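This briefing covers helix packing in one structure. The sequence and the structure come first, the notes after.

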Amino acid sequence: MEWDAQTLQVLELDYVRQEWAKRADTPFGREHALTRDLSRDETLVALRLQETDDAVRLLQREPPSPVRGFEPRPALQKATKGGALSPDELLSVQRLLQTARLYKSHLLPRAERYPRLARYAERLHTLHTLEKHIAQCIAPSGEVLDTASERLAQLRRDQQRLHKRITEELQRLIHTLRDALQEPHYTIRGGRYCLPVRSDSRGRVKGIVHDASASGATLFIEPEPLIELGNRLRELHAAEQEEIDAILYGLSRAVEAESDALHETLDALTLIDAALAAGRLALDWDCTMPALNTQGEWKLRKARHPMIPRERAQPIDLELGREWLGVLITGPNTGGKTVSLKTLGLLTLMTLLGLHIPALEGSRIAIPNGIYADIGDEQSLQQSLSTFSGHMRHIIRYLAQAGRYSLVLLDELGAGTDPTEGAALARAILQTLLEREARVVATTHYGELKAFAHRHPQLINAAMEFDLETLQPTYRLLMGAPGASHAIEIARRLGLPPRVAQLATESLGVQEATLTEMIQDLERARRHAEQAEAEWRAKLQELAEREARLNADRAALEHDKQTYKQRLQQEMEQVLEQARAEAEQILRQLRQAPRESKQTAQLREQMHQLVEGVRAPRERASATPPDQPAEWRAGMRVRIRSLSKEGTLAEPPSDGKAQVFVGKLRMAFPLSDLEPLPDPQQKPAPTRYSKPRPPQPVPLELDLHGRRVEEALPLLEKYLDDAILAGLGSVRINHGRGTGTLRSVVHQYLKSHPQVRGFHLAPQHEGGDGVTIVLFRGR
């Protein structure tokens with residue numbers, strides 16, 4: 001079944017084809033874009049769309065080198081028929097082979113990323129021998145090179161030597177016959193070397209006269225000594241041309257021998273060039289690949305008509321074929337109804353060509369069983385057709401052809417005749433098409449059709465939005481509600497006298513006036529609903545952002561907790577390593593003891609206490625926590641639930657928080673995160689593993705002045721740990737002024753330290769920007 005020519009014309013498919021063709025690099029790529037058939041084959045359409053998708057991604061990420069235009073088809077046809085190709089025609093064949101080689105080397109290594117284009121690249125023939133032979137014989141300028149054959153090179157060398165002899169003889173004659181010459185130089189007439197001899201000196205120069213000046217004062221004579229040389233030069237020229245013809249003929253036969261491979265290469269390059277052109281079009285128009293279906297379902301998301309500049313185009317959303325088979329669009333004139341019809345039709349045709357469409361991702365296009373569009377004024381004076389008759393001619397043809405899954409687009413259905421009869425006819429046409437399960441989108445101004453669409457289970461009303469405040473169309477398509485024409489309001493705004501406008505309003509029937517008022521109320525209600533929805537979405541966005549911030553804070557806290565755990569784990573591993581070393585030493589002493597003695601008993605007791613000191617924290621961690629104590633005491637052993645570690649209470653808690661020594665670190669924890677540990681029945685031996693080492697005196701200032709960064713950071717870290725363990729509230733870090741590098745590093749470290757509450761530079765009289773004062777948390 002052929003596509004309806006009238007439909008393709010009114011939907012302006014040629015515009016898309018021209019824009020596609022303009023982006024091709026080769027004449028055959030452009031011709032393919034202008035002539036590619038629309039397809040109803042779902043597999044073929046899907047393949048074309050995927051080729052375009054490959055091209056888009058290739059152009060974005062790994063674009064091939066640009067290709068200059070060339071046309072090898074006439075040369076291939078001529079060679080296939082046995083003709084001899086000219087140098088320029090041979091160069092076009094060479095260019096074809098070069099392009100095939102470049103595309104093949106570019107696409108095949110990337111076959112996994114661009115499989116559809118690579119499929120064409122596999123069909124490209126790289127005929128290295130033929131390409132090299134042409135390059136060896138023909139220069140880019142079209143000249144046949146000396147390297148084409150040894151005989152050609154020899155003939156040209158002979159010509160050069162003979163030309164040199166001729167010019168030397170001419171210079172000798174010019175010197176000898178200077179008085180008989182009109183000018184002291186030679187010239188060429190009819191391919192022969194001549195001297196310009198004055199007519200009155202004709203007798204002094206023997207030779208053949210080949211030409212004369214217009215006045216007859218000068219005769220152009222080929223001197224007798226040059227005649228034989230000139231004849232020989234002509235023979236060499238003829239032999240050269242004969243050799244060139246033989247070379248060109250031989251190359252032509254080589255092209256003819258590879259004609260099948262060359263034609264297949266040309267076909268594959270055509271498809272590659274057309275696909276790349278489609279990719280450039282998709283990028284220029286900001287297109288996406290639609291999803292295909294054969295169930296007659298369309299869904300356009302923010303679709304734009306490609307002929308309208310993007311900054312002026314109002315995208316539309318439209319659904320058809322899933323929940324309803326027809327859409328009836330109403331609204332004011334110049335409100336965008338016709339553009340909506342054309343957008344749906346043209347984007348469907350683009351899809352059938354394998355082009356991406358100017359719409360958001362998630363758009364769906366059905367492969368229709370024919371597209372039929374009746375759009376525009378069909379009045380014809382030559383054929384004595386009114387607007388109504390012109391429309392009906394097309395609609396009658398469409399009714400004879402349209403069936404299930406056909407897409408029918410009808411603009412101003414039933415217009416151009418009596419409104420009552422036109423509305424009745426429109427209802428009958430819509431009913432017939434819907435009974436056949438065709439997909440129909442129609443526009444109208446008739447109120448009766450709005451009511452018909454409201455009642456019909458397979459029709460839905462849609463409206464082109466109209467701003468009642470400004471009395472201007474917004475060009476937005478609103479699904480689910482009828483629209484008013486607003487003719488009286490628009491006329492009043494354009495300057496219609498108020499009296500005339502009022503008479504027109506009063507002339508409306510009660511039912512029509514009520515319907516118009518109802519539509520306007522619906523428009524106002526919809527606007528309020530959209531405004532409320534926008535506010536709700538804004539609040540929802542705000543809540544989402546707030547939740548994201550809370551999640552970020554929670555992640556940061558979790559990160560800090562993990563950091564604490566890692567540091568405590570490292571410290572525990574150090575303690576265990578020290579305990580292991582001491583245990584090995586005790587075992588060595590026990591082995592060396594000759595017999596059981598008081599010393600060995602003491603060693604065994606030390607080993608027992610060492611084992612208990614390592615095992616006790618694990619046992620206490622797994623034990624059921626006791627009830628909260630009536631009193632928290634400094635020095636009390638506690639377990640930190642969030643860290644699964646033990647510590648020592650540094651001081652009684654306050655404000656629901658407590659300071660706890662965990663190893664060398666003094667940290668603050670919520671009281672709810674702590675559980676007291678029972679006092680051991682037997683105190684362990686006073687080893688460094690059974691209780692924390694008492695803090696040593698810590699100076700109030702650390703002097704880093706003059707140290708390198710790699711030296712200063714370890715000293716700073718240890719000093720801060722000691723100061724925290726000692727319970728200091730603040731300390732001074734003397735980093736000096738210098739270039740400021742050490743000060744920046746110190747400040748950066750302090751920002752990330754979990755126990756640093758803040759820091760600032762010292763007052764000028766206490767060191768200024770050479771000293772930083774550090775404040776600790778919980779002090």
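Helix 11 is followed by Asp286, whose phi is positive, near 55°. Helices here are DSSP runs of H or I with at least four residues, numbered from the N terminus. The model is predicted, so local features need pLDDT of at least 70 and side-chain atom pairs pLDDT 80 or more, while totals for chains, interfaces and linings use all residues. Residues are numbered from 1 along each chain as its sequence is written, and side-chain values use heavy atoms, with hydrogens and water left out.

**Helix 11**
- Helix 11 has 26 residues and spans 37 Å from first to last C-alpha, close to the 38 Å expected at 1.5 Å a residue (1.5 Å times one less than the number of residues).
- Of its 26 residues, 19 are buried, so helix 11 is largely enclosed by the rest of the structure (buried: under 20% relative accessible area, 1.4 Å probe, protein chains only).

**Helix 6 with helix 11**
- Helix 6 (residues 87-107) packs against helix 11 (residues 259-284) at about 60°, with the axes 10 Å apart.
- Residues in contact (heavy atoms within 4.5 Å) include Val93, Leu96 and Tyr103 of helix 6, and Leu262, Leu269 and Leu276 of helix 11.

**Helix 5 with helix 10**
- Helix 5 (residues 73-80) and helix 10 (residues 224-257) pack at about 95°, with axes 8 Å apart.
- That makes helix 5 roughly perpendicular to helix 10 (65 to 115 degrees).
- Leu76, Ala79 and Thr80 in helix 5 meet Ser252, Arg253, Val255 and Glu256 in helix 10.

Terms used
Axes are lines fitted to C-alpha atoms, for helices over the stretch in contact, and angles run from 0 to 180 degrees between N-to-C directions. Helices (H or I, at least four residues) and strands (E, at least two) are DSSP runs, numbered from the N terminus. Buried means under 20% relative accessible area, exposed over 50%, partly exposed in between (1.4 Å probe, protein chains only). Angles under 35 degrees count as roughly parallel, over 145 as roughly antiparallel, 65 to 115 as roughly perpendicular and the rest as oblique.
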